Amino acid sequence: MRKTPSKLLVLFFVLAFSASIFISEAFAANSEDTAATSIEGAENALVSAYQSVLEVEQVGANVSGLLAQLNEAGEFLAKAHMAYRLGNFDSATSFADQGKDVGIEVENNAYELKDSAWRENIQRMWLTIMGSVLGVILIGSGSFWFWRFLKRRYP
Amino acid sequence: MHVEEYRTLFIVGSLILMLVAVAPTLSLFIRIPSGSERFSELWLLGPAHTAENYPFNVSVNEEYSVFVGVGNHLGSSSYYVVYVKFRNQSQQLPNSTTSEPSSLSPFYEFRFVLSDGEVWEAPLTFAIENVLLQQNFSLVQNISINDIVFPVNYTSIWDSNRNGFYYQMFFELWLYNMTSNSFQYHNRFVSLWLNITST
């Protein structure tokens with residue numbers, strides 16, 4: 001009878017120890033998966049932001065501000081990858097999430113900039129076309145009237 | 001003066017002036033492709049920001065500095081990664097003939113986007129730490145790069161021709177490919193030979 005409580009106590013500690021190992025391994029696997037998922041999300045956000053910046057660049061807008069932000073996201077993503085390789089999964093997740101946030105912000109800013117650059121380009125295009133048409137009309141009519149003037153003056 | 005004799009000249013002159021007036025509109029729609037070569041640059045500079053005094057004989061636990069730089073001449077903004085790798089004498093370097101990178105995992109990396117014509121440069125400070133040096137054998141356990149310590153555990157055999165334990169730090173340039181939606185090795189790398197000494 002006196003031995004039973006001590007046996008139960010030993011059994012309790014063995015079970016508690018085993019449970020703690022199991023739970024910590026489960027958490028570790030979970031944090032590694034979380035880090036990998038976060039990094040993948042950050043990579044996708046960065047690539048998407050980069051593609052948006054390229055589109056803005058193609059319509060002729062100044063993308064230097066966007067590139068500076070994008071490089072900030074790139075630094076976070078690089079740190080996330082390095083932390084992951086070192087097994088610092090919590091740090092990897094944190095860096096990846098920060099990188100993703102910056103990437104999303106860059107993409108949103110890029111779309112706004114693209115819209116305004118596109119509108120400016122359209123305006124500039126119409127002004128250029130109108131200027132050329134006006135120029136051709138003026139030169140054509142001016143040449144015609146000048147030719148008639150010369151013919152009258154020097155028959 | 002007979003004006004009719006100058007009719008053709010007058011018409012040609014008017015047409016040329018009209019062409020000048022239309023030129024800005026034509027430039028909106030006609031793009032003349034640039035004939036310049038498209039390429040990226042990758043370089044390594046010593047601690048004084050010059051192409052000399054590169055670290056070579058390196059002591060354990062001493063810090064050394066270099067600068068790594070990239071230049072973009074690809075015609076548009078480009079997304080680069082520079083991987084910092086470390087090898088012993090027998091491990092694989094990138095293969096310039098087949099455009100294949102080294103199969104070794106990177107330790108450190110830089111990620112950045114450069115606009116066309118822009119250059120990027122960053123300092124890199126490294127130290128070889130926890131080295132076991134025996135008569136014919138060395139083991140590098142750790143390397144720190146920009147204050148981050150990476151486990152290495154690479155061995156090197158004594159090189160009797162060059163009298164040293166030789167390792168190599170090298171930098172691979174990778175470029176994001178919009179067609180394949182992935183990074184690809186850009187067939188450029190620079191490297192530093194390091195002779196590990198105890199003091």
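The following legends describe close-up views of a predicted model. Local features require pLDDT of at least 70 and side-chain atom pairs count only at pLDDT 80 or more, whereas totals for chains, interfaces and linings use all residues. Residues are numbered from 1 along each chain as its sequence is written, chains are lettered from A and ligands numbered from 1 in the order in which they are written, and side-chain values use heavy atoms, with hydrogens and water left out.

View 1. The 23 residues of H1(B) should span 33 Å at 1.5 Å a residue, and the end C-alpha atoms are 32 Å apart, which agrees. The expected span of a helix is 1.5 Å times one less than its number of residues. A kink of about 45° lies at Ala23(B), shortly before the proline Pro24(B); the bend at a residue is the angle between axes fitted to the seven residues ending there and the seven starting there. Ser14(B), Ala21(B) and Thr25(B) are the buried residues of H1(B). Buried means under 20% relative accessible area, exposed over 50%, and partly exposed in between (1.4 Å probe, protein chains only). These buried residues pack against helix H3 (89-153) of chain A, where contact means heavy atoms within 4.5 Å.

**View 2. A nonpolar surface patch on chain B.** Leu19(B), Leu26(B), Leu28(B), Phe29(B), Ile30(B) and Ile32(B) form a nonpolar patch on the surface, with about 640 Å² of accessible area together. Patches are made of residues with over 30% relative accessible area and no salt bridge; like charges are joined within 9 Å, and nonpolar side chains (Val, Leu, Ile, Met, Phe, Trp, Tyr) within 5 Å. Accessible areas come from the Shrake-Rupley method with a 1.4 Å probe, and for residues only the protein chains shown count as cover.

View 3. Side chains of opposite charge can pair when their charged atoms come close. In chain A, Arg124(A) and Glu120(A) meet in a salt bridge (4.0 Å, N to O). Arg124(A) and Glu120(A) are 4 residues apart in helix H3 of chain A, so about one helical turn separates them. Arg124(A) is partly exposed, with a relative accessible area of 48%, and Glu120(A) counts as partly exposed at 46% relative accessibility. In chain B, the side chains of Arg111(B) and Glu109(B) meet in a salt bridge (2.6 Å, N to O), and both residues are buried. The side chains of Arg162(B) and Asp159(B) also meet in a salt bridge (3.2 Å, N to O). Arg162(B) counts as partly exposed at 37% relative accessibility, whereas Asp159(B) counts as buried at 15%. Salt bridges that share partners join Arg85(A), Glu109(B) and Arg111(B) into one network.

**View 4. Surroundings of Glu129(B).** Glu129(B) is found in strand S6 (residues 119-133) of chain B. Asn142(B) is 13 residues away from Glu129(B) in sequence, and the two are 5.0 Å apart in space, C-alpha to C-alpha. Not counting residues up to four places away in sequence, Glu129(B) touches Val60(B), Asn61(B), Val140(B), Gln141(B), Asn142(B), Ser144(B) and Val149(B).

**View 5. Positive phi values.** Asn153(B) has a positive phi, near 60°, in a residue other than glycine. Asn153(B) lies in strand S8 (residues 148-157) of chain B and counts as partly exposed at 48% relative accessibility. Phi of Asn187(B) is likewise positive, near 55°; Asn187(B) is found in strand S10 (residues 182-197) of chain B and is partly exposed, with a relative accessible area of 29%. In chain A, Gly87(A), whose phi is positive and near 85°, follows H2(A). Helix H2 (residues 64-85) of chain A has 22 residues and reaches 32 Å from its first C-alpha to its last, close to the 32 Å expected at 1.5 Å a residue.

How values were computed
Helix = DSSP H or I, 4+ residues; strand = E, 2+ residues; numbered from the N terminus.
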